[in-house]
Amino acid sequence: MADFMGLMKQAAELKTKMEAMQAELDQIEVEGAAGGGMVRVKITAKGELKTVTIDPSLMKPEDKEIAEDLIVTAHADARRKAETLLQEKMKNLTGGLPLPPGLKLF
């Protein structure tokens, strides 16, 4: 019974830490880039797009499709960075707590 109570206490602590981390993820921004930095995007660690910066040289009408593709690529780069950051934070947060494999907490 003591093991169960200890596990429940750990679960309650994890829940509190997860709520704090969720709030923190809204504040953390990561930047993705494409085209040698000609297109940059910033997203929150949760994946919300915050800003898009496009080099003025891409603003020619004939380069419109290239700029659009670079925005998508830069966003994907930022998402990968955000996912890596999230995985690192989760690893630090749940260290030592036995969680079932494949458990999604978000």
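In the hairpin of β2 and β3, which residue takes a positive phi? Glycine 47 does, with a value near 100°. The model is predicted: local features need pLDDT of at least 70, side-chain atom pairs count only at pLDDT 80 or more, and totals for chains, interfaces and linings use all residues. Residues are numbered from 1 along each chain as its sequence is written, and side-chain values use heavy atoms, with hydrogens and water left out.

**View 1. Strands β1 and β2 form a hairpin.** Strands (E, at least two residues) are DSSP runs numbered from the N terminus, as are helices (H or I, at least four). Strands pair if DSSP finds at least two bridges between them; here 6 bridges join β1 (residues 29-34) to β2 (residues 39-44), and the two run antiparallel. Alanine 33 has arginine 40 in β2 as its bridge partner. Of the 4 residues between the strands, glycine 35 in the turn has a positive phi of about 65°.

**View 2. Strand β2 also pairs with β3.** These antiparallel strands are joined by 5 bridges, with β3 covering residues 49-54. Isoleucine 43 stands opposite leucine 49 in β3. The hairpin has 4 residues between its strands.

**View 3. Phenylalanine 4 lies in helix α1.** The helix covers residues 2-27. Phenylalanine 4 counts as partly exposed because its relative accessibility is 46%, between the limits for buried (under 20%) and exposed (over 50%), with a 1.4 Å probe and protein chains only.

**View 4. Valine 72 lies in helix α2 (residues 64-94).** Valine 72 is exposed, as its relative accessible area is 56%. Valine 72 and alanine 34 are 38 residues apart in sequence, and their C-alpha atoms are 8.7 Å apart in space.
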